[in-house]
Structures are given as structure tokens and as C-alpha cells.
There are 2 protein chains.
Amino acid sequence: MTSLIRSAIRAMKGYTPGEQPREDGIIKLNTNENPYPPSPRVFEAIQTALTGDRLRKYPDPVGTLFRQTAARLHDHDPEGILIGNGSDDILTIVTRAFVPEGGLIASPTPSYLLYRTLAELQGARFQNVPFTADWQLPLPWPASDAQLTFVANPNSPTGTLVSLANLEAFARACPNPLVIDEAYVDFADHDARPLLRHPQVILTRTLSKSYALAGIRFGYALGSPAVIRELSKVKDSYNCDVLSLAAATAALQDQDYLRATLATIRATRTRLDGELQRLGFATLPSSANFLWCTHPSRAARTLYEELKRRNILVRYMVYEGFGEGLRISVGSDAEIDRLLHEVRSLV
Amino acid sequence: MTSLIRSAIRAMKGYTPGEQPREDGIIKLNTNENPYPPSPRVFEAIQTALTGDRLRKYPDPVGTLFRQTAARLHDHDPEGILIGNGSDDILTIVTRAFVPEGGLIASPTPSYLLYRTLAELQGARFQNVPFTADWQLPLPWPASDAQLTFVANPNSPTGTLVSLANLEAFARACPNPLVIDEAYVDFADHDARPLLRHPQVILTRTLSKSYALAGIRFGYALGSPAVIRELSKVKDSYNCDVLSLAAATAALQDQDYLRATLATIRATRTRLDGELQRLGFATLPSSANFLWCTHPSRAARTLYEELKRRNILVRYMVYEGFGEGLRISVGSDAEIDRLLHEVRSLV
């Protein structure tokens, strides 16, 4: 029976997300979750949604209130905002909208592994293009015939940031759809909203990282209204539920809380970076809520395994042409203290 | 820029879901929501999920607890259960897994309009096959070369039920994937679980109708573990959120509540059917939580519009080769009394 599955999918290994242990007592620094809870307003909004008659009814398919809130926050047309069941849902939608079977998706490497998976699912080819030595996009871009280019900015697993000028030059040179995946952008010094005057540019955002809502699955896209209208045809009618819509709207409305959380995480990131360097690690300059690091004498896989034995999960990753390393989420200060304590005993 | 959208999608009108008015005071009998609230256990489970640390962390990607619960309920292997963000998510997943661009999807007509939309999104062809006069699948089935066949059972908009014997004969004759969409099956006298011994058969279920959880978006598939494993590669890693997983699990655990709700809705359905017939309507025998009806002298569109003017929403639908009619959800007894009162003044 599985022979009836499309061969492109049968051949896939499938995307493996980071480990999500169900046990308590594990310090989880492997999937870039926020160590702090979401805004108290999120809980209030969920309670309000629960008191009415809303669970039994279908949600608003376009998320009108969320769109209005996001439009105000980003000074963008609400018709140019698309809601998603996590930003992964948005990445699937743009893939299906732009890329035919046999088409081409491009992305700099190393980056988010899901982009290749999305190409495989669509029966499309995938082209990796190495970043420049200073973590920018090489121009001219050697894959300008791709129907779709994904640029994670800040990038994962490196945490590095492509400059606005570099993105601007890319968008001028390349008329095809460019998705700038800004999952981590709230931890950076700038975002790419100025690029939105190019109609082929789409920005994607998630509530999973800076807003601490990985559990509720919510993301969105910013783009030109004409493009968002086409993308809306591809999404499931009711892709976001009433509770996640309420939670996401409330989270965006509490920018003071966001700013406070971001300041704490960025301060911890600076401290973690300094301490890792003192312990002999090479780190990359991070604009995200994680750090990429390697050690000159200790294998990354060994460090990962030793830390796991000590109930600390970090992400071990290996990329062809780039090598292996650890991606460590910026946890709370207490979690980072525990991590550093264990790392000291290992290097 | 929209010229870069795949032509198959540009050409689409997009699926139009039933109206979801945000105003209060409207009697909503147009999208087959349950008139009664979900089980109290659902609210308790959501509260428990909110007290912990779970919103900020990613959910269990495979929904282990839900799968165990559904496996016990259906006496099925948990590895043969796939979780979805509504059963529409499952229908998208099976389409992407089985149907190549240029492939063929078949379905009896009239039925759920989304099946054609899914074919269009995938760049596949779509073949409608009329039901027999007694609402069964014609055998031999004229589209047996389809990579995927969708059979909504009970069917929408008719509410009619294909017999197990008819489905069994179909599955024996047709080795290609057959999805039996059982969104409404809890309102019927039997389901198609005996068909699961055919490895090409997949059943889909939703929590939106009988469990009164349209707002939280949860559905699932039952199939052979080997097939479900392949389908899992196609789904978003985290397609279901922590609150919907908690809610869906709790809902399935309260079968007493489900049975009570179903008994009430089925009694109201019988009453509505009898009253509509007394008012001169022709109705179809319904195994779902809605009724399809036509009136010999009053146009369905006029009735729809007149009812809407009176703050009662029903679904007006027209199908090529079948004609037009009204699909009326079985609401609460009070809602149906209001509906019948207004209908009496209109016919």
C-alpha cells in the first residue's frame, strides 16, 4: 500500500524536530523556546475566549482582530497579513503557492532544515547557496531562477544577521518571490519591513520565540495585499483556532512585556557568549535567542551527549560543507548558570 | 507579482466556507456546528494545560496521549492514528501524499466542495461521479484510476449514508487510496471501521461536529500504521497545539456526554424532518446533524434570503446536475422552533 505514496515522499526521511521530552527536570536549551512565560494578558484573553460560546463555533477564518492588531503594530495594510498555524504553516503555504512540481527552491546554507523538506514534499529541487564569509548573501545570487528563496534572518543555526543593504540588493536583482523568515527578528537590532515595498518580498513571523507561545502554534506573514490574497486560497479555511487567535492578539498588544523579556534574554545572551568564549569556545555573533558554538578540542557530539546525561538538552547539528556544532538556546539565567557549570567540567 | 503564483492557484476562486458572522443574536444553522457546548471535561483539561509551563514550549508533535485515547476508543493501533489541525488538515495531508501534479482525485457528487479545491491546489484533475438513485456508490466505479477517492460518509450536503456492504465492495474492487471522511459519523448508525482491514482505506474524523469543538481545530485519521507513518512526513511537525490536544483528548474521554448530546440532536433531527415534510418540503434521510431540503414551490435561494433577513442563517447550495436546496443544521430545540416558526410564514 505504501507504494501508492508519491515517490518523492516515500524517499524522504521526514523532518526531525528537536527532542521534546515529556519528563520534568530537564533543562531544555534545544528548540529555542523562550524561558519566560507569555504575557499575563495572554492568559486573560484565553479565559475570556473560554467563557463565551466560542469553542463550539468555527473561528474567524481570516483572523480579523489579529490582523488589525498586527497591522497597527507594523504599520502595514491588514489585507497584507496572513494568519498561520505557526510560521511553518505559512512556509508550507508559500511553497505550494509559488513552486510547481519539478520547480526550484533556494536558500543559503547552513540554515533551517525545513526548507529542504518543503521542497521534497512539493516534488521540487532544492539548491543550497553558502553564505559569504561574513554571513551575507553572495551577490550575484547563483540561484536567481528559483521560484522561491527562503532567507532566515536572523539565521538558524548560526544566529547571524544579513544586513538590510544586502537584502535590498538581493531584492533589486532578483524579481522572484523572496521569503524572509523572521522567526527570531525580535531578538535582533533591525527587521526587514523596509523591504516590503518590493512586491515579491514576504516576511514571516512566529509567536513561538519572542512571545513565548510555541505551544499555541501561531505565525503570520506580511506581504503585498495582492499576494496575500492569492496565498489565502492555499491555506486551510480555518487554520487558526479561537484560543490561539485570542492568545496571539493579546500577546502583540503587550509590547511592554515583550520589550522587558527581550532585554533580559539579550543580556543573558551576551553573558553566555562571553563565558563560552572564556571556556575556549568559538561562537558566532548572535542576533537570535541562541548561540552557535564549537570547541577546538572537544567534539560537539560528545558535549551534546555528556550534557544530555546531565539532563541538559542542547541541539547538536551537522551541516555538509559547514561542519558540526552546538546550538544552545538562551535560557533563563539560572538555566544558563547550570549549563555553564556543567560545561566547565567537560572542557 | 501575482503572475509568479502557480497558474493553477491563480485560476482558482478559492474555497468559500460558510458565513461566520461575528454579531450576536443570529441563529446559525449554516455550518453544522453543535448547538450544545463541549463536555465540561474539555474546559477542565484546558485549565490544567494553562496552569503549567506548556504555552511557551512546543507541543508533543505526534500527540501521544491523544493517540492512546483514540486507540482505546476505536480499538485501533495508536501508530495507525494521525493527528490534524482539523480534519481539513488531514485531507490536505492525504492529497499531498498520494496525488502528483496532473494526477486524479475522484469523489461522488454532490459532496464536500473542498475535495475539488484540494485537487486544484495540488494541480490535479478532479472527477465527480454521481451517486446512485439510492445514494450509494455506483459499482463498477468509473474513476478507479484515481490516485485518491474521497467519500464523505455520511455525506454533505445530503446527509445520506453509504452502506458498509457498498463500501466493502468498493474497497475490494479498487486498490487505490480511499479516504472515508467520517466528519458526521457519530450522528449515524454505523461507521466504517470494519473497512480498516483494507490497507488502502483511511478514515478521517473531526472534533468539530459531534464533540462541539469547531473552534479548537482538531481532527484525526485512522489507517494502517505503515501508511500513517508516511502521512506523518507530510504534516507540519507541530500541527496541533497544546490546548487543542488537551481539549480533544478530554472530549474523547467523555463518551457519556457525547452519547447524551447525540441522542438529543438525533431526536431534534427527527422532529425537524417531520415538520419540514408537513410544510411541504422534500427532505433526504439524514444520518448527520443537518437536513437537505427543497420545496416544490418556493425557490431555495429566496427562502435562504428571507430567513437571513430574519437573523436565521441556513446554507443555500447549488450543485451542477443535482440542483439547489437548503442544508439546515440541527440546532437546539429552541433554535429549530424559531426556524420552523419563520418557515411557516414563508411557505
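Trainee: What should I know about the model and its numbering before I start?
Mentor: The model is predicted: local features need pLDDT of at least 70, side-chain atom pairs count only at pLDDT 80 or more, and totals for chains, interfaces and linings use all residues. Residues are numbered from 1 along each chain as its sequence is written, and chains are lettered from A and ligands numbered from 1 in the order in which they are written.

Trainee: How many helices and strands are there in chain A?
Mentor: Chain A has 11 helices and 12 strands. Both are DSSP runs numbered from the N terminus, helices being H or I with at least four residues and strands E with at least two.

Trainee: How compact is chain A?
Mentor: Its radius of gyration is 20 Å, close to the 20 Å from the globule rule for 347 residues, so chain A is as compact as a globular protein of that length. The radius is taken over C-alpha atoms, and the rule is 2.2 Å times the number of residues to the power 0.38. Along the principal axes, the C-alpha atoms of chain A fill a box of roughly 55 × 50 × 50 Å.

Trainee: And what share of chain A counts as buried?
Mentor: 52% of the 347 residues. Buried means 20 or more other C-beta atoms within 10 Å of the residue's own, exposed means 12 or fewer, and partly exposed is in between, with C-beta atoms placed from the backbone.

Trainee: Strands next. Which residues of E5(A) are buried?
Mentor: 5 of its 5 residues. Leu148(A), Phe150(A) and Ala152(A) lie on one side, with Thr149(A) and Val151(A) on the other, so both faces are covered.

Trainee: Why two sides within one strand?
Mentor: In a regular strand the side chains alternate between the two faces of the sheet.

Trainee: What does E5(A) pair with?
Mentor: Strand E5 (residues 148–152) of chain A pairs with E6(A) in the parallel sense over 4 bridges. Strand E3 (residues 104–109) of chain A also runs parallel to E5(A), joined by 2 bridges. Pairing requires at least two bridges found by DSSP between two strands.

Trainee: Which residues stand opposite each other there?
Mentor: Ala106(A) stands opposite Thr149(A) in E5(A). Thr149(A) in turn stands opposite Leu178(A) in E6(A), and Phe150(A) stands opposite Val179(A) in E6(A).

Trainee: How does the chain get from E5(A) to E6(A)?
Mentor: Through helix H6 (residues 164–173) of chain A, in a right-handed β-α-β crossover. Right-handed means that, with the strands pointing away from the viewer, the path from the first strand over the helix to the second runs clockwise.

Trainee: Are the faces of E6(A) covered or open?
Mentor: Both are covered: Leu178(A) and Ile180(A) on one side and Val179(A) and Asp181(A) on the other are all buried. E6(A) also pairs in the parallel sense with strand E7 (residues 201–206) of chain A, over 4 bridges. In that pair, Leu178(A) stands opposite Val201(A).

Trainee: What is the order of strands in the open sheet?
Mentor: E1-E11-E12-E10-E9 in chain A, 5 strands with mixed pairing. Strand E1 (27–29) and strand E9 (282–283) are the edge strands, each pairing on one side only. E9(A) and strand E10 (residues 290–294) of chain A pair in the antiparallel sense over 2 bridges, with Ala282(A) opposite Thr294(A).

Trainee: Changing topic, which residues of H3(A) are buried?
Mentor: In helix H3 (residues 64–74) of chain A they are Phe66(A), Arg67(A) and Ala70(A). They cover an arc of only 95 degrees around the axis, which puts them on the same side of H3(A); the arc is that of the directions from the helix axis to the C-beta atoms.

Trainee: What do they pack against?
Mentor: Strand E2 (81–84), strand E8 (219–222) and helix H8 (242–253) of chain A. Contact here means C-beta atoms, placed from the backbone, within 7 Å. Just after H3(A), Asp75(A) takes a positive phi of about 50 degrees.

Definitions and conventions
Contact = placed C-beta atoms within 7 Å.
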